[in-house]
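Open the model in your viewer and keep the selection tool ready. Each stop below says what to pick and what is there.

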Amino acid sequence: MIPPQIIEADLTWLGGRFVSGTKIRVDGHGRITDVGPLPDRPTMRLTGHAVIPGMVNAHSHAFQRGLRGKGEQFPDGAGSFWSWREAMYKLVASLDIRRFDELCEQAFREMLAAGITTVGEFHYMHHSSEQHDFLFDKRVLDAASRAGIRITLLNSFYQTGGINRPLSPTQHRFETSNLDTYWTHMSQLETYLQKDTQSLGVVAHSIRAVPIETVCSLHDEAVKRRLPFHMHVEEQRQEIEECVREYGFTPMALLNRKTGIQENFAA
């Protein structure tokens, strides 16, 4: 708990414009409970400042905070998405529970320091080992809670290492073996969420990691449950070329034809 506050800045972004004479009431949990020309005397006066709503990071991979400075160095002309991915896989192979927790919390705290108050965490590193324990899903939520950031856990379904290809050894930490397992785990996570600050979203990682029939099933169920649906689409040329060879369409065209994309879909 913190002392309740009445905050007044010179300007506050309200109703699509900056206005003066506006006060913000914040309760002991840090939640904004009222905004307007309140009669209360300010307990915090921010002279020379303007206040805006917190920003949203709609697509985050928090554990990749550990990649900073590691995936960008390569001989001239040699770098690509795939060389970056190898650096990411080395990070994945090295992470234990303690380091995973540290990186997620660090990423979330840095977001808050930059003015981001809500994050959509595109989460695909589920397992602490190859035992398929889904341990890391709850630990992301715990890291967000410790940092004090609101989170939508965009929980990823990840099944193949490429179109019609098996997972690589490192990718087994990402694996969701079937839809029943995914939805059972989503129901368990729903009971773990912190009210008002945490929610869930449905993710098909990508066309290369999820067969199109499964993408459609995930999307349809997300619509039924009124959950956001999210995925990587056309990250790089090889994925597009393989999708055209297999399905006859680019990933975006395939999704438009197959899923009946609705307002809950974000790519």
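This is a predicted model: local features need pLDDT of at least 70, side-chain atom pairs count only at pLDDT 80 or more; totals for chains, interfaces and linings use all residues.

**Stop 1: the cysteines**

A disulfide needs two cysteine sulfur atoms within 2.5 Å. A search of the whole structure finds 0 disulfides. C216 is accordingly in no disulfide, and its nearest cysteine sulfur is that of C243.

Are these two cysteines buried or exposed? C243 counts as buried, because its relative accessibility is 0%. C216 is buried as well, with a relative accessible area of 13%.

**Stop 2: the largest cavity**

The largest cavity has a volume of about 40 Å³. Select its lining: W82, R85, G161, R165, R208, Q236, Q238, E239 and E242. Two elements give two or more residues to that lining, α1 (81–94) and α6 (237–247). Colour α6 to see the element that gives the most, with 3 residues.

**Stop 3: charged pairs in the cavity lining**

Side chains of opposite charge can pair when their charged atoms come close. In this model the count comes to 14 salt bridges.

Select E239 and R208. They form a salt bridge, and the closest N and O atoms are 3.0 Å apart. E239 lies in helix α6 and R208 in the loop between β9 (198–204) and α5 (212–225), so the pair ties together parts that are 31 residues apart in sequence. Both E239 and R208 are buried.

Now select R165 and E242. This salt bridge has its closest N and O atoms 3.3 Å apart. The pair links distant parts of the chain, 77 residues apart: R165 sits in the loop between β8 (150–157) and α4 (179–192), and E242 is in helix α6. Which of the two partners is buried, and which is partly exposed? E242 is buried, with a relative accessible area of 12%. R165 is partly exposed, with a relative accessible area of 37%. R165, R208, E239 and E242 are among the residues that line the largest cavity.

**Stop 4: a charged network**

Select R25 and D34. They form a salt bridge with the closest N and O atoms 3.3 Å apart. R25 is partly exposed, at a relative accessible area of 27%. D34 is partly exposed too, at 32%. Salt bridges that share partners join R25, D34 and D40 into one network.

**Stop 5: the largest pocket**

About 1,100 Å³ of space lies in the largest pocket. How many residues line the pocket? The lining holds 33 residues, and G30, R31, I32, T117 and R150 lie nearest the centre. Colour the elements that give two or more residues to this lining: β1 (5–14), β3 (23–26), β4 (32–36), β5, β7 (116–123) and α3 (135–147).

**Stop 6: a nonpolar patch**

Finish on the outside. Select L11, W13, F18 and I52. Together they form a nonpolar patch on the surface, with about 370 Å² of accessible area. Zoom in on I52, in the loop between β5 (44–51) and β6 (55–60). I52 counts as exposed because its relative accessibility is 51%, and the cut-off for exposed is over 50%.

How values were computed. Residues are numbered from 1 along each chain as its sequence is written. Side-chain values use heavy atoms; hydrogens and water are left out. Patches are made of residues with over 30% relative accessible area and no salt bridge: like charges are joined within 9 Å, nonpolar side chains (Val, Leu, Ile, Met, Phe, Trp, Tyr) within 5 Å. Accessible areas come from the Shrake-Rupley method with a 1.4 Å probe; for residues, only the protein chains shown count as cover. A salt bridge is a side-chain nitrogen of Lys or Arg within 4 Å of a carboxyl oxygen of Asp or Glu. Helices (H or I, at least four residues) and strands (E, at least two) are DSSP runs, numbered from the N terminus. Buried means under 20% relative accessible area, exposed over 50%, partly exposed in between (1.4 Å probe, protein chains only). On a 1 Å grid over the protein atoms alone, a cavity is a set of points where a 1.4 Å probe fits but cannot get out, and a pocket is an open set with protein on both sides within 12 Å along at least five of seven lines; lining residues have an atom within 4 Å of a point. Grid points are joined across faces, edges and corners, and a volume is the space filled by probe spheres set on the points.
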